[in-house]
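Let's take a friendly walk through the packing in this structure. Have the model open as you read, and follow along residue by residue.

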Amino acid sequence: VALARARGPRAAAALRDLATGDTADDVRDVAILSLGTLGDPAPALTLHTLLADEEASVERRGLAAVALGMCGGADAVDLLLLHFDLDDPRVAKSHPELLASALVGLAATRRPEAVAPLRSALANTRLRAEVRAFAATGLGALGDRGSIDALVPLVIESTDPALRQGAATALGALLTAEDVRPVNALLHASRADSDLGVRALASVALGNVRGAAVRAQLEKDFGAAGDRTRPWLALALGLQGDTAAAPLLREAHARDEHEESLQGAYAIALGLLGDAGSGDLLVGEARRPRRFWSPLYAAQALILLDAREACDMLATRMDAASDARERAALATALGHLGDRRGVEAMRAVLRSGDSVYAACHAAAALGGQRALDALPELVAIVTDPDRPGLVRACAVSAVGRIVAATDEDPLARRAATHVHLIPLDALVLARELSERR
(Lines give C-alpha, C1' and ligand atoms only; values in the text may rest on other atoms or scores of the structure.)
Protein backbone atom coordinates (compact mmCIF):
# COMPACT_ATOMS: atom_id res chain seq x y z
CA VAL A 1 0.00 0.00 0.00
CA ALA A 2 2.80 2.41 0.86
CA LEU A 3 4.62 1.65 -2.40
CA ALA A 4 1.43 2.29 -4.36
CA ARG A 5 0.96 5.61 -2.61
CA ALA A 6 4.56 6.73 -3.07
CA ARG A 7 4.65 5.77 -6.78
CA GLY A 8 8.41 5.75 -6.97
CA PRO A 9 10.19 4.56 -10.14
CA ARG A 10 10.67 1.05 -8.75
CA ALA A 11 7.20 0.63 -7.27
CA ALA A 12 5.66 -1.24 -10.20
CA ALA A 13 8.45 -3.81 -10.43
CA ALA A 14 8.45 -4.40 -6.67
CA LEU A 15 4.68 -4.79 -6.53
CA ARG A 16 4.72 -7.13 -9.54
CA ASP A 17 7.24 -9.37 -7.77
CA LEU A 18 5.10 -9.41 -4.63
CA ALA A 19 1.89 -10.08 -6.59
CA THR A 20 3.31 -13.08 -8.38
CA GLY A 21 5.84 -14.53 -5.97
CA ASP A 22 5.27 -13.70 -2.32
CA THR A 23 4.67 -16.70 -0.10
CA ALA A 24 1.89 -15.01 1.90
CA ASP A 25 -1.52 -14.99 0.24
CA ASP A 26 -2.60 -11.72 1.85
CA VAL A 27 0.56 -9.95 0.64
CA ARG A 28 -0.01 -11.19 -2.91
CA ASP A 29 -3.63 -10.05 -2.84
CA VAL A 30 -2.85 -6.55 -1.60
CA ALA A 31 0.04 -6.25 -4.06
CA ILE A 32 -2.30 -7.16 -6.93
CA LEU A 33 -4.72 -4.42 -5.97
CA SER A 34 -1.91 -1.95 -5.31
CA LEU A 35 -0.61 -2.52 -8.83
CA GLY A 36 -3.94 -1.23 -10.07
CA THR A 37 -3.78 1.90 -7.97
CA LEU A 38 -0.59 2.95 -9.77
CA GLY A 39 -2.67 3.68 -12.87
CA ASP A 40 0.22 2.46 -15.04
CA PRO A 41 -0.71 0.16 -17.96
CA ALA A 42 2.65 -1.64 -17.80
CA PRO A 43 1.44 -4.38 -15.37
CA ALA A 44 -1.69 -5.08 -17.46
CA LEU A 45 -0.33 -8.32 -18.93
CA THR A 46 0.70 -9.58 -15.49
CA LEU A 47 -2.76 -8.85 -14.16
CA HIS A 48 -4.37 -10.44 -17.21
CA THR A 49 -2.36 -13.60 -16.59
CA LEU A 50 -3.54 -13.69 -12.97
CA LEU A 51 -7.13 -13.18 -14.06
CA ALA A 52 -6.87 -16.00 -16.60
CA ASP A 53 -5.47 -18.50 -14.09
CA GLU A 54 -8.42 -20.83 -13.52
CA GLU A 55 -6.46 -22.66 -10.81
CA ALA A 56 -6.32 -19.50 -8.70
CA SER A 57 -8.99 -18.61 -6.16
CA VAL A 58 -12.04 -16.62 -7.18
CA GLU A 59 -10.96 -13.89 -4.77
CA ARG A 60 -7.51 -13.51 -6.34
CA ARG A 61 -8.87 -13.50 -9.87
CA GLY A 62 -11.42 -10.90 -8.79
CA LEU A 63 -8.69 -8.70 -7.39
CA ALA A 64 -6.81 -9.00 -10.66
CA ALA A 65 -9.93 -7.97 -12.61
CA VAL A 66 -10.40 -4.84 -10.48
CA ALA A 67 -6.71 -3.94 -10.67
CA LEU A 68 -6.62 -4.52 -14.43
CA GLY A 69 -9.45 -2.07 -14.91
CA MET A 70 -7.76 0.52 -12.74
CA CYS A 71 -4.51 0.50 -14.68
CA GLY A 72 -5.24 -0.76 -18.15
CA GLY A 73 -7.28 1.94 -19.90
CA ALA A 74 -8.88 1.00 -23.22
CA ASP A 75 -6.85 -2.20 -23.46
CA ALA A 76 -8.25 -3.28 -20.11
CA VAL A 77 -11.79 -3.17 -21.49
CA ASP A 78 -10.79 -5.58 -24.25
CA LEU A 79 -8.89 -7.87 -21.87
CA LEU A 80 -11.78 -8.04 -19.40
CA LEU A 81 -14.32 -8.73 -22.12
CA LEU A 82 -12.04 -11.44 -23.48
CA HIS A 83 -12.90 -13.39 -20.33
CA PHE A 84 -16.40 -12.11 -19.72
CA ASP A 85 -18.62 -12.01 -22.78
CA LEU A 86 -21.64 -10.72 -20.93
CA ASP A 87 -24.00 -11.76 -23.75
CA ASP A 88 -22.90 -15.41 -23.51
CA PRO A 89 -25.45 -17.40 -21.43
CA ARG A 90 -22.61 -19.49 -20.00
CA VAL A 91 -21.02 -16.41 -18.47
CA ALA A 92 -24.12 -15.81 -16.36
CA LYS A 93 -23.33 -19.09 -14.58
CA SER A 94 -19.85 -17.88 -13.58
CA HIS A 95 -19.07 -17.18 -9.95
CA PRO A 96 -21.05 -14.02 -9.05
CA GLU A 97 -18.16 -12.52 -7.12
CA LEU A 98 -15.89 -12.85 -10.15
CA LEU A 99 -18.51 -11.30 -12.44
CA ALA A 100 -19.02 -8.44 -10.01
CA SER A 101 -15.26 -7.88 -9.93
CA ALA A 102 -15.17 -7.73 -13.72
CA LEU A 103 -17.89 -5.06 -13.71
CA VAL A 104 -16.02 -3.04 -11.09
CA GLY A 105 -12.94 -3.36 -13.29
CA LEU A 106 -14.82 -2.16 -16.37
CA ALA A 107 -16.09 0.90 -14.50
CA ALA A 108 -12.63 1.55 -13.10
CA THR A 109 -11.21 1.93 -16.62
CA ARG A 110 -13.12 5.23 -16.89
CA ARG A 111 -13.29 4.51 -20.62
CA PRO A 112 -16.33 5.16 -22.86
CA GLU A 113 -15.81 1.68 -24.33
CA ALA A 114 -16.95 0.25 -20.97
CA VAL A 115 -20.43 1.76 -21.21
CA ALA A 116 -21.92 -0.72 -23.70
CA PRO A 117 -20.92 -3.89 -21.80
CA LEU A 118 -22.09 -2.39 -18.51
CA ARG A 119 -25.45 -1.52 -20.07
CA SER A 120 -25.65 -5.06 -21.40
CA ALA A 121 -24.97 -6.47 -17.93
CA LEU A 122 -27.59 -4.22 -16.37
CA ALA A 123 -30.21 -5.48 -18.81
CA ASN A 124 -29.18 -9.15 -18.56
CA THR A 125 -31.77 -10.79 -16.31
CA ARG A 126 -29.81 -14.05 -16.43
CA LEU A 127 -27.26 -12.41 -14.14
CA ARG A 128 -27.90 -12.36 -10.41
CA ALA A 129 -29.40 -9.14 -9.15
CA GLU A 130 -26.45 -8.28 -6.91
CA VAL A 131 -24.14 -8.60 -9.95
CA ARG A 132 -26.36 -6.31 -12.01
CA ALA A 133 -26.17 -3.81 -9.14
CA PHE A 134 -22.47 -3.41 -9.87
CA ALA A 135 -23.31 -2.67 -13.49
CA ALA A 136 -25.68 0.05 -12.27
CA THR A 137 -23.15 1.73 -10.00
CA GLY A 138 -20.51 1.40 -12.72
CA LEU A 139 -22.70 3.29 -15.18
CA GLY A 140 -23.19 5.97 -12.54
CA ALA A 141 -19.45 6.21 -12.01
CA LEU A 142 -18.94 6.61 -15.76
CA GLY A 143 -21.54 9.40 -15.91
CA ASP A 144 -23.71 7.57 -18.46
CA ARG A 145 -26.89 9.62 -18.55
CA GLY A 146 -28.10 7.40 -21.37
CA SER A 147 -28.76 4.69 -18.79
CA ILE A 148 -31.16 6.79 -16.68
CA ASP A 149 -34.29 5.38 -18.37
CA ALA A 150 -33.12 1.84 -17.61
CA LEU A 151 -32.30 2.65 -13.98
CA VAL A 152 -35.56 4.34 -13.02
CA PRO A 153 -37.76 1.21 -13.25
CA LEU A 154 -35.18 -0.79 -11.31
CA VAL A 155 -35.16 1.57 -8.34
CA ILE A 156 -38.95 1.24 -8.10
CA GLU A 157 -39.80 -2.24 -9.39
CA SER A 158 -36.90 -4.59 -8.76
CA THR A 159 -37.67 -7.22 -6.15
CA ASP A 160 -34.04 -7.35 -5.03
CA PRO A 161 -32.89 -4.67 -2.55
CA ALA A 162 -29.27 -4.85 -3.74
CA LEU A 163 -30.30 -3.90 -7.26
CA ARG A 164 -32.56 -1.13 -5.98
CA GLN A 165 -29.65 0.17 -3.91
CA GLY A 166 -27.32 0.10 -6.91
CA ALA A 167 -29.85 1.88 -9.11
CA ALA A 168 -30.43 4.57 -6.49
CA THR A 169 -26.72 5.16 -6.07
CA ALA A 170 -26.22 5.41 -9.82
CA LEU A 171 -29.08 7.87 -10.26
CA GLY A 172 -27.58 10.06 -7.56
CA ALA A 173 -24.44 10.34 -9.67
CA LEU A 174 -26.31 11.10 -12.89
CA LEU A 175 -29.35 13.28 -12.23
CA THR A 176 -29.89 17.01 -12.22
CA ALA A 177 -32.84 18.80 -10.64
CA GLU A 178 -34.38 19.09 -14.12
CA ASP A 179 -34.79 15.30 -14.38
CA VAL A 180 -38.24 15.41 -12.80
CA ARG A 181 -39.44 11.82 -13.35
CA PRO A 182 -36.22 10.14 -12.15
CA VAL A 183 -36.02 12.50 -9.16
CA ASN A 184 -39.58 11.56 -8.24
CA ALA A 185 -38.59 7.89 -8.44
CA LEU A 186 -35.78 8.52 -5.97
CA LEU A 187 -38.12 10.44 -3.68
CA HIS A 188 -40.54 7.50 -3.74
CA ALA A 189 -37.73 5.08 -2.90
CA SER A 190 -36.46 7.27 -0.07
CA ARG A 191 -39.94 7.43 1.46
CA ALA A 192 -41.59 4.11 0.78
CA ASP A 193 -39.07 1.35 0.09
CA SER A 194 -39.30 -1.59 2.49
CA ASP A 195 -35.50 -1.79 2.81
CA LEU A 196 -33.74 0.72 5.06
CA GLY A 197 -30.59 0.52 2.91
CA VAL A 198 -32.54 1.57 -0.18
CA ARG A 199 -34.23 4.41 1.68
CA ALA A 200 -30.89 5.60 3.04
CA LEU A 201 -29.05 5.46 -0.28
CA ALA A 202 -31.93 7.07 -2.15
CA SER A 203 -31.88 9.93 0.36
CA VAL A 204 -28.14 10.43 -0.01
CA ALA A 205 -28.51 10.22 -3.80
CA LEU A 206 -31.03 13.05 -3.64
CA GLY A 207 -28.47 15.06 -1.71
CA ASN A 208 -26.29 15.00 -4.81
CA VAL A 209 -29.15 16.39 -6.98
CA ARG A 210 -28.82 20.01 -6.02
CA GLY A 211 -31.76 22.33 -6.48
CA ALA A 212 -34.30 24.31 -4.48
CA ALA A 213 -37.21 21.98 -5.33
CA VAL A 214 -35.28 18.88 -4.27
CA ARG A 215 -34.08 20.55 -1.09
CA ALA A 216 -37.65 21.53 -0.22
CA GLN A 217 -38.78 17.92 -0.52
CA LEU A 218 -35.87 16.73 1.63
CA GLU A 219 -36.68 19.33 4.28
CA LYS A 220 -40.32 18.20 4.30
CA ASP A 221 -39.31 14.55 4.65
CA PHE A 222 -36.71 15.38 7.31
CA GLY A 223 -39.36 16.98 9.50
CA ALA A 224 -41.58 13.89 9.34
CA ALA A 225 -38.89 11.18 9.51
CA GLY A 226 -38.23 8.77 12.34
CA ASP A 227 -34.91 8.17 14.03
CA ARG A 228 -33.80 5.46 11.59
CA THR A 229 -34.02 7.60 8.45
CA ARG A 230 -33.46 11.11 9.80
CA PRO A 231 -29.63 10.84 9.81
CA TRP A 232 -29.57 10.00 6.12
CA LEU A 233 -31.88 12.88 5.28
CA ALA A 234 -29.66 15.17 7.35
CA LEU A 235 -26.63 14.10 5.32
CA ALA A 236 -28.64 14.65 2.13
CA LEU A 237 -29.41 18.21 3.21
CA GLY A 238 -25.73 18.71 3.95
CA LEU A 239 -24.78 17.49 0.49
CA GLN A 240 -27.25 19.95 -1.03
CA GLY A 241 -24.83 22.66 0.07
CA ASP A 242 -27.50 25.30 0.70
CA THR A 243 -27.16 26.96 4.11
CA ALA A 244 -30.91 27.68 4.02
CA ALA A 245 -31.27 24.21 5.55
CA ALA A 246 -29.01 25.06 8.51
CA PRO A 247 -31.72 26.37 10.89
CA LEU A 248 -33.70 23.15 10.43
CA LEU A 249 -30.64 21.06 11.29
CA ARG A 250 -29.74 23.22 14.27
CA GLU A 251 -33.29 22.89 15.64
CA ALA A 252 -33.12 19.13 15.23
CA HIS A 253 -29.79 19.01 17.05
CA ALA A 254 -31.29 20.84 20.01
CA ARG A 255 -34.37 18.60 20.02
CA ASP A 256 -32.78 15.15 19.64
CA GLU A 257 -30.79 14.97 22.86
CA HIS A 258 -31.92 11.36 23.29
CA GLU A 259 -29.73 9.96 20.51
CA GLU A 260 -26.02 10.67 20.12
CA SER A 261 -25.82 9.23 16.61
CA LEU A 262 -28.52 11.63 15.40
CA GLN A 263 -26.65 14.61 16.75
CA GLY A 264 -23.44 13.32 15.17
CA ALA A 265 -25.17 13.16 11.80
CA TYR A 266 -26.49 16.69 12.21
CA ALA A 267 -22.98 17.89 13.04
CA ILE A 268 -21.54 16.37 9.87
CA ALA A 269 -24.42 17.80 7.82
CA LEU A 270 -23.77 21.30 9.16
CA GLY A 271 -20.10 20.89 8.33
CA LEU A 272 -20.94 19.82 4.79
CA LEU A 273 -23.11 22.90 4.45
CA GLY A 274 -20.18 25.09 5.45
CA ASP A 275 -22.51 26.93 7.80
CA ALA A 276 -20.30 29.33 9.74
CA GLY A 277 -23.28 30.21 11.95
CA SER A 278 -23.16 26.71 13.42
CA GLY A 279 -19.64 27.09 14.77
CA ASP A 280 -20.71 27.66 18.40
CA LEU A 281 -23.07 24.67 18.28
CA LEU A 282 -20.32 22.42 16.93
CA VAL A 283 -17.77 23.63 19.47
CA GLY A 284 -20.28 22.91 22.21
CA GLU A 285 -20.89 19.39 20.88
CA ALA A 286 -17.18 18.72 20.47
CA ARG A 287 -16.46 19.55 24.13
CA ARG A 288 -19.40 17.62 25.61
CA PRO A 289 -18.39 15.37 28.50
CA ARG A 290 -19.41 11.71 28.86
CA ARG A 291 -19.86 11.30 25.13
CA PHE A 292 -17.54 9.61 22.67
CA TRP A 293 -18.82 9.61 19.09
CA SER A 294 -20.80 12.81 18.59
CA PRO A 295 -17.93 15.06 19.79
CA LEU A 296 -15.64 13.38 17.25
CA TYR A 297 -18.18 13.95 14.48
CA ALA A 298 -18.41 17.57 15.58
CA ALA A 299 -14.61 17.82 15.42
CA GLN A 300 -14.75 16.58 11.83
CA ALA A 301 -17.39 19.19 11.04
CA LEU A 302 -15.15 21.89 12.52
CA ILE A 303 -12.46 20.81 10.04
CA LEU A 304 -14.92 21.34 7.21
CA LEU A 305 -15.63 24.83 8.54
CA ASP A 306 -11.89 25.51 8.97
CA ALA A 307 -12.77 26.62 12.50
CA ARG A 308 -9.28 27.35 13.79
CA GLU A 309 -10.67 29.16 16.78
CA ALA A 310 -11.70 25.72 18.10
CA CYS A 311 -8.12 24.44 18.34
CA ASP A 312 -7.58 25.23 22.03
CA MET A 313 -10.74 23.35 22.97
CA LEU A 314 -9.80 20.36 20.77
CA ALA A 315 -6.29 20.26 22.25
CA THR A 316 -7.67 20.35 25.79
CA ARG A 317 -10.01 17.45 25.04
CA MET A 318 -7.20 15.51 23.35
CA ASP A 319 -4.92 15.90 26.36
CA ALA A 320 -7.65 14.71 28.71
CA ALA A 321 -8.76 11.75 26.56
CA SER A 322 -7.88 8.26 27.79
CA ASP A 323 -8.98 6.36 24.66
CA ALA A 324 -6.36 6.08 21.90
CA ARG A 325 -9.00 6.38 19.17
CA GLU A 326 -10.32 9.63 20.59
CA ARG A 327 -6.84 11.10 21.04
CA ALA A 328 -5.86 10.20 17.47
CA ALA A 329 -9.08 11.58 15.98
CA LEU A 330 -8.69 14.87 17.82
CA ALA A 331 -5.01 15.06 16.89
CA THR A 332 -5.98 14.57 13.24
CA ALA A 333 -8.56 17.35 13.51
CA LEU A 334 -5.94 19.67 14.96
CA GLY A 335 -3.54 18.80 12.16
CA HIS A 336 -6.08 19.59 9.47
CA LEU A 337 -6.74 22.90 11.20
CA GLY A 338 -3.04 23.75 11.04
CA ASP A 339 -2.31 23.26 14.75
CA ARG A 340 0.95 21.47 15.59
CA ARG A 341 -0.21 20.14 18.95
CA GLY A 342 -1.83 17.10 17.37
CA VAL A 343 1.34 16.06 15.58
CA GLU A 344 3.47 16.52 18.69
CA ALA A 345 1.05 14.50 20.81
CA MET A 346 1.10 11.57 18.38
CA ARG A 347 4.90 11.66 18.10
CA ALA A 348 5.07 11.53 21.87
CA VAL A 349 2.91 8.39 21.84
CA LEU A 350 5.29 6.72 19.39
CA ARG A 351 8.32 7.66 21.50
CA SER A 352 6.71 6.42 24.70
CA GLY A 353 6.54 2.80 23.60
CA ASP A 354 2.88 2.79 24.68
CA SER A 355 0.52 -0.06 23.84
CA VAL A 356 0.31 -1.50 20.34
CA TYR A 357 -3.22 -0.14 20.12
CA ALA A 358 -2.17 3.42 20.96
CA ALA A 359 0.91 3.32 18.72
CA CYS A 360 -1.09 2.10 15.72
CA HIS A 361 -3.61 4.91 16.13
CA ALA A 362 -0.83 7.45 16.55
CA ALA A 363 0.92 6.30 13.37
CA ALA A 364 -2.34 6.42 11.42
CA ALA A 365 -3.05 9.92 12.71
CA LEU A 366 0.38 11.14 11.61
CA GLY A 367 -0.21 9.64 8.18
CA GLY A 368 -3.65 11.24 7.98
CA GLN A 369 -2.13 14.63 8.73
CA ARG A 370 0.74 13.98 6.28
CA ALA A 371 3.15 15.05 9.03
CA LEU A 372 6.39 15.32 7.08
CA ASP A 373 8.55 15.98 10.13
CA ALA A 374 7.40 12.68 11.67
CA LEU A 375 8.97 10.66 8.83
CA PRO A 376 12.26 9.89 10.65
CA GLU A 377 10.42 8.42 13.63
CA LEU A 378 8.06 6.42 11.45
CA VAL A 379 10.89 5.06 9.31
CA ALA A 380 12.80 4.12 12.46
CA ILE A 381 9.78 2.09 13.61
CA VAL A 382 9.40 0.42 10.22
CA THR A 383 13.03 -0.72 10.26
CA ASP A 384 13.12 -1.79 13.93
CA PRO A 385 12.65 -5.58 14.13
CA ASP A 386 11.97 -5.35 17.85
CA ARG A 387 8.80 -3.29 17.39
CA PRO A 388 5.51 -5.25 17.08
CA GLY A 389 4.56 -6.14 13.53
CA LEU A 390 1.22 -4.33 13.68
CA VAL A 391 2.90 -1.10 14.74
CA ARG A 392 5.47 -1.42 11.95
CA ALA A 393 2.63 -2.05 9.47
CA CYS A 394 0.75 1.06 10.57
CA ALA A 395 3.96 3.06 10.44
CA VAL A 396 4.83 2.02 6.90
CA SER A 397 1.28 2.79 5.79
CA ALA A 398 1.67 6.24 7.32
CA VAL A 399 4.97 6.74 5.50
CA GLY A 400 3.18 5.95 2.25
CA ARG A 401 0.48 8.48 3.04
CA ILE A 402 2.96 11.21 3.88
CA VAL A 403 5.01 10.82 0.70
CA ALA A 404 1.99 10.10 -1.53
CA ALA A 405 1.90 11.89 -4.85
CA THR A 406 -1.74 12.94 -4.35
CA ASP A 407 -4.23 13.63 -1.59
CA GLU A 408 -6.69 11.14 -3.05
CA ASP A 409 -6.23 7.39 -3.20
CA PRO A 410 -7.31 5.92 -6.56
CA LEU A 411 -8.89 2.80 -5.06
CA ALA A 412 -10.98 4.77 -2.61
CA ARG A 413 -12.24 7.02 -5.40
CA ARG A 414 -13.15 4.14 -7.67
CA ALA A 415 -14.58 1.94 -4.94
CA ALA A 416 -16.73 4.68 -3.47
CA THR A 417 -19.63 4.05 -5.85
CA HIS A 418 -19.65 0.32 -5.05
CA VAL A 419 -19.20 0.04 -1.30
CA HIS A 420 -22.93 -0.18 -0.64
CA LEU A 421 -22.71 -3.91 -1.39
CA ILE A 422 -19.23 -5.00 -0.28
CA PRO A 423 -19.28 -8.63 -1.42
CA LEU A 424 -15.74 -8.24 -2.70
CA ASP A 425 -12.61 -8.95 -0.72
CA ALA A 426 -11.09 -6.36 -3.03
CA LEU A 427 -12.96 -3.58 -1.30
CA VAL A 428 -11.77 -4.42 2.20
CA LEU A 429 -8.61 -2.49 1.43
CA ALA A 430 -10.69 0.55 0.52
CA ARG A 431 -11.35 1.15 4.20
CA GLU A 432 -7.66 1.58 4.88
CA LEU A 433 -7.05 3.56 1.71
CA SER A 434 -9.96 5.93 2.19
CA GLU A 435 -9.06 7.29 5.63
CA ARG A 436 -8.83 10.83 4.37
CA ARG A 437 -10.59 13.99 5.40
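## Helix packing, cores and aromatic pairs

The axes of helix H22 (residues 356-369) and helix H24 (residues 389-402) come within 8 Å of each other and cross at roughly 5°. Here an axis is a line fitted to C-alpha atoms over the stretch in contact, with angles running from 0 to 180 degrees between N-to-C directions; helices are DSSP runs (H or I, at least four residues) numbered from the N terminus. H22 is therefore roughly parallel to H24, a label for angles under 35 degrees.

Before going further, a note on the source: this is a predicted model, in which local features need pLDDT of at least 70 and side-chain atom pairs count only at pLDDT 80 or more, while totals for chains, interfaces and linings use all residues. Residues are numbered from 1 along each chain as its sequence is written, and side-chain values use heavy atoms, with hydrogens and water left out.

Which residues of H22 and H24 make the contact? Among them are Ala-359, Cys-360 and Ala-363 of H22, and Cys-394, Ala-395 and Arg-401 of H24, where contact means heavy atoms within 4.5 Å. By class, the contact has 11 nonpolar, two polar and one charged residues; Ala, Val, Leu, Ile, Met, Phe, Trp, Tyr, Cys and Pro count as nonpolar, Asp, Glu, Lys and Arg as charged, and the others, Gly among them, as polar.

The largest nonpolar core has 92 residues, and Leu-103, Leu-118, Leu-186 and Leu-249 have the most contacts inside it. Such a core is a set of buried Ala, Val, Leu, Ile, Met, Phe, Trp, Tyr and Cys residues joined through side-chain atoms within 4.5 Å. Helix H5 (residues 58-83) gives the largest share of this core, 12 residues. Apart from it lies another core, of 48 residues, including Phe-292 and Ala-363.

Leu-249 touches Phe-222 and Tyr-266, among others. A search of the whole structure finds two aromatic pairs, meaning rings of Phe, Tyr and Trp (its six-membered ring) with centres within 6.5 Å; planes under 30 degrees apart count as stacked, over 60 as edge-to-face and the rest as tilted.

| Pair | Centre to centre | Angle between planes | Type |
|---|---|---|---|
| Phe-222 and Tyr-266 | 5.8 Å | 75° | edge-to-face |
| Phe-292 and Trp-293 | 4.7 Å | 80° | edge-to-face |

Phe-222 is buried at 1% relative accessible area, and Tyr-266 is buried at 0%. Phe-292 also counts as buried, at 18%, whereas Trp-293 is partly exposed at 46%. Buried means under 20%, exposed over 50%, and partly exposed in between (1.4 Å probe, protein chains only).

Conventions: Helices (H or I, at least four residues) and strands (E, at least two) are DSSP runs, numbered from the N terminus. Angles under 35 degrees count as roughly parallel, over 145 as roughly antiparallel, 65 to 115 as roughly perpendicular and the rest as oblique. Lists of a residue's contacts leave out its neighbours within four places in sequence.
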